Amino acid sequence: MRTVYVNGQFVPEGEAKVSVFDRGFLFADGVYEVTSVLGGKLIDFDGHATRLERSLRELDMKAPVDKDELLAVHRELVEINSIEDGMIYLQITRGAPADRDFAYPAADVEPTIVLFTQNKPGLADSPAAKVGIKVISIEDQRWGRRDIKTVQLLYPSMGKMMAKAAGADDAWMVEDGKVTEGTSNNAYIVKDGTIITRDLGTEILHGITRAAVLRFAREAQMKVEERGFTLEEAKNADEAFITSASTFVMPVVEMDGQKIGTGEPGPVAKRLREIYLEESRKAAT
Ligand code: PDD
């Protein structure tokens with residue numbers, strides 16, 4: 001049985017409890033982070049902790065713990081649950097006031113904080129990375145502040161189900177004719193050697209993996225363009241891929257039933273995956 005962390009305590013998962021009045025449960029009034037673990041170490045903890053602080057600030061939410069405590073809790077969970085490869089999920093909500101009320105609760109209501117581990121042996125050797133994944137395109141019907149990592153994940157869940165129903169692995173979302181991102185990842189195409197990915201704004205999550213991958217790409221003298229791209233461009237691209245803390249760099253080989261490039265993982269995606277994994281393992285804490 002897993003040991004999880006709830007509001008200051010490490011408890012067996014079966015004994016972990018959150019109130020029915022919790023605003024995360026009633027209003028999706030909460031933020032989250034997913035940090036991967038490779039070789040028992042945290043990948044880019046600082047990036048995730050910094051983005052968490054920003055998400056909390058944007059929503060006027062109190063931080064229940066500081067960065068150092070958060071790191072200690074992450075490490076403790078990895079240790080207690082003997083995680084070699086996997087993920088740590090963290091969620092903070094605006095807490096549980098005495099009743100349901102749209103207005104934010106009084107300042108003395110403490111935020112709720114929950115962390116748990118997900119054990120994924122061999123996470124970096126995923127078979128999908130060798131063959132690539134298939135995506136479909138769907139309309140982006142999420143709210144307008146996608147730069148805040150909130151737990152409002154119903155539409156992304158619907159998107160994954162639409163993909164599944166279509167025999168695909170994931171969906172890329174499109175708004176005003178341009179791809180925003182994948183349901184739980186950032187989206188990229190490669191054309192004539194240039195890596196193209198949506199520019200940062202409120203329309204997409206500012207991926208921690210995205211920041212690292214673009215940095216490594218530039219260091220390797222690859223050309224990067226941060227701008228929106230159309231589905232047409234995606235279908236005519238030489239390659240495509242996604243990035244996230246749980247998939248790292250994952251090739252995309254099909255879009256709406258149409259092959260991208262050769263229909264096999266491309267050299268840029270493969271190389272970026274290698275560089276990303278190598279550098280991230282080196283810098284892991
Ligand atoms: N998802 N875009 C969206 C909408 C996401 O949900 C995520 C992450 C990303 C990639 O961000 P990062 O590189 O920081 O993981 C982009 C996580 C993994 C999840 O919901 O499980």
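This is a predicted model: local features need pLDDT of at least 70, side-chain atom pairs count only at pLDDT 80 or more; totals for chains, interfaces and linings use all residues.
**Domain layout**

Residues are numbered from 1 along each chain as its sequence is written, and side-chain values use heavy atoms, with hydrogens and water left out.

The contact (heavy atoms within 4.5 Å) takes 21 residues from domain 1 and 20 residues from domain 2. Between them, the two domains bury about 1800 Å², of which 64% is on carbon and sulfur atoms. Buried area here is the accessible area (1.4 Å probe) that two parts lose on being put together, summed over both. On the side of domain 1, Y32, L38 and R51 lose the most area to domain 2, together 34% of what that side buries.

Polar groups also take part in this interface. The count between domain 1 and domain 2 is 7 residue pairs in polar contact, with both residues at pLDDT 80 or more. A polar contact is a pair of N or O atoms within 3.5 Å; within protein, one must be able to donate a hydrogen and the other to accept it, and residues adjacent in sequence count only if both atoms are side-chain atoms. The elements that give two or more residues to the side of domain 1 that touches domain 2 are β3, α2 (45-58) and β5. Strand β3 provides the largest share of that side, 7 residues. Helices (H or I, at least four residues) and strands (E, at least two) are DSSP runs, numbered from the N terminus.

**The nonpolar cores**

A nonpolar core is a set of buried Ala, Val, Leu, Ile, Met, Phe, Trp, Tyr and Cys residues joined through side-chain atoms within 4.5 Å; buried means under 20% relative accessible area (1.4 Å probe, protein chains only), exposed over 50%, and partly exposed in between. The largest core has 29 residues, among which L38, I195, F241, F248, L272 and Y276 touch the most other members. Its largest share, 6 residues, comes from α8.

Not counting residues up to four places away in sequence, Y276 touches I43, T209, A212, V213, F216, F248 and V249. A second, separate core of 23 residues includes V37, L71, L90 and I148.
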